[in-house]
Amino acid sequence: MKKIILLPIVALMCSISVIANPLVLRRRAMYQHGGMRMPSITQVDADYENGILTMNIRKYSGAALLYIYDADGSIIGENAANIISYGSVMTDITPLKKGDYTLRIVLGDTIYEGTFNIP
């Protein structure tokens, strides 16, 4: 009887720890010469889980630069990768203290930004 009750509790505890925290990224500079720019086919998303920040890029070829800023606007982390069509860049954020941070992803002349919090 104890095993039947304990098994769902253990399964629930394991499933909670593997849920990734997605970051909402917004593309900067959406206006050009007073009008809307053409939408980009590049797809960028980021999430963090277990102290690892992962940036996923699809439909892009070139250099990808990742910067992490603290609440004061100072760069406290950076990473770079060369992407060909699809790729990921992973950065260890376990040394970061609790607080709010800004993630900036630079793809050529396009910048994506998002914020995240380490509780």
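1. Helices (H or I, at least four residues) and strands (E, at least two) are DSSP runs, numbered from the N terminus. On that basis Thr-42 is placed in the loop between strand E4 (35–36) and strand E5 (43–49).

2. The model is a predicted one, in which local features need pLDDT of at least 70 and side-chain atom pairs count only at pLDDT 80 or more, while totals for chains, interfaces and linings use all residues. Residues are numbered from 1 along each chain as its sequence is written, and side-chain values use heavy atoms, with hydrogens and water left out.

3. The chain contains one helix and nine strands, in the order α-β-β-β-β-β-β-β-β-β along the sequence. Of its 119 residues, 32% count as buried, where buried means under 20% relative accessible area, exposed over 50% and partly exposed in between (1.4 Å probe, protein chains only).

4. Thr-42 counts as buried because its relative accessibility is 16%. A polar atom of the Thr-42 side chain lies 3.2 Å from the backbone oxygen of Lys-59. Setting aside residues up to four places away in sequence, Thr-42 touches Ile-57, Arg-58, Lys-59, Tyr-60, Leu-107 and Tyr-112; contact here means heavy atoms within 4.5 Å.

5. E5 pairs with strand E6 (residues 52–69) in the antiparallel sense over seven bridges; two strands pair if DSSP finds at least two bridges between them. The bridge partner of Glu-49 in E6 is Ile-52. E5 and E6 form a hairpin with two residues between them, and Asn-50 in the turn has a positive phi of about 55°.

6. A nonpolar core is a set of buried Ala, Val, Leu, Ile, Met, Phe, Trp, Tyr and Cys residues joined through side-chain atoms within 4.5 Å. The largest such core has 21 residues, and those with the most contacts inside it are Ile-57, Ile-68, Ile-93, Leu-103, Leu-107 and Phe-116. E5, E6, strand E7 (75–92), strand E8 (99–107) and strand E9 (110–118) each supply at least two residues of this core, with the largest share, seven residues, coming from E6. In soluble globular proteins, nonpolar side chains tend to be buried together.

7. Beyond its neighbours within four places in sequence, Ile-93 is in contact with Tyr-48, Gly-51, Ile-52, Leu-53, Ile-68, Phe-116 and Ile-118.

Notes. Polar contact = N/O pair within 3.5 Å; in protein donor to acceptor, adjacent residues only side chain to side chain.
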